[in-house]
Structure formats: structure tokens, C-alpha cells
Amino acid sequence: PDLVPDSILRIAVPSPLHRSFDYRAPAMAAGQGPPRPGVRVRVPFGRRSAIGVLLEVTAESTIDEARLRTASEILDSEPVLPVDVFAMTRWASAYYQCPVGEAFATALPALLRRGGTVPGTARPGTHSCAWLSGAERRLAVAGSPRSPVPGGSISLVLADRTPVRRP
């Protein structure tokens, strides 16, 4: 489904409040598809700007239309967290009764929390290796069952952007 101008983005903003926040979708570039859950979004939050994580795109909000603010920009074309980490973070937030925005802020590396980009970001069909420690990278490249990267035939993009394939 295409992102229509009145789409509502439900964002997890790092704050001590136990809720997500609704924003109007920003203007999208021509040919750009709708944002997927897990992308980072820059939003106005109080008197400052904050980096949040998109939880879902919906058509309705419980907030009055006149009070909804528009998100400043969508920072990523692809989710920054793998699907399993995204799901685990939402589960942990509910289970441990932690604010969802704080949980996602904790799950992201500091550079991504500040709105930066990570060298060696994943290309479609690959897994980013940028968030792995040196030992974890060696396990992933060696194909170890203890690797934090899913098994099978995968391509890893290392910090120097050199694809490494393992059988």
C-alpha cells in the first residue's frame, strides 16, 4: 500500500513515558515507497528534535488531528534492526515494563541513536556486519553455529564495504 498524505506514523521516541507517539507522515520523494517498521524517524519532540523508531503506519490516531505534528524526515530506507531484534525489543519493553522508546534507544548503537549512519550498511538481501564486535564478525564469516548472524548462504557487508560470502 502506498503512503497516503494522511498516514499516521506511530513512533517509539526515547522518553520516560510508557507510550508511543503519533505523527503525520512527512512528504515523500517521488517513487519512494512507504516506510517500514524499524526505520529511524526524526521528529519534533517538545522543544527539541528526537530520533525515534517507526513501530507502525496506521490510518487513525487517538490524538486530535489539529494536535498532530509532522515528522521531520525518515532517515532510513530499510529497517536498522533485524526483524527478530525488533520483535524482541517490543517484547522486552512490555515484559519488563520499560518505555518502548527507551527500549529501542538501548537496542540501537550510539551512532544510530544520534541520527548518524553506520559504515557498511546493508544492501538489499544482505545482513549488516557493522553492529558486530570483532569476535562476532569472525564467527559469522567462519560460519560458526554460535554466530549472531542467521545461518545459510548469506553475504556480510563489512565496515570496509567488502562483501564476504560463506557457503
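Author: From the N terminus on, the elements run β-β-β-β-β-β-α-α-α-β-α-β-β, where helices (H or I, at least four residues) and strands (E, at least two) are DSSP runs numbered from the N terminus. That comes to four helices and nine strands. This is a predicted model, in which local features need pLDDT of at least 70, side-chain atom pairs count only at pLDDT 80 or more, and totals for chains, interfaces and linings use all residues. Residues are numbered from 1 along each chain as its sequence is written, and side-chain values use heavy atoms, with hydrogens and water left out.

Reader: How are two packed helices described?

Author: By the angle between their axes and the distance between the axes. Here α1 (residues 83-95) and α2 (residues 100-107) pack at about 140°, with axes 9 Å apart; axes are lines fitted to C-alpha atoms, for helices over the stretch in contact, and angles run from 0 to 180 degrees between N-to-C directions. The angle makes α1 oblique to α2, as angles under 35 degrees count as roughly parallel, over 145 as roughly antiparallel, 65 to 115 as roughly perpendicular and the rest as oblique.

Reader: Which residues of α1 and α2 meet?

Author: F86, T89, R90 and S93 in α1 meet V100, A103, F104 and A107 in α2, with contact meaning heavy atoms within 4.5 Å. The residues of this contact divide into five nonpolar, two polar and one charged (Ala, Val, Leu, Ile, Met, Phe, Trp, Tyr, Cys and Pro count as nonpolar, Asp, Glu, Lys and Arg as charged, and the others, Gly among them, as polar).
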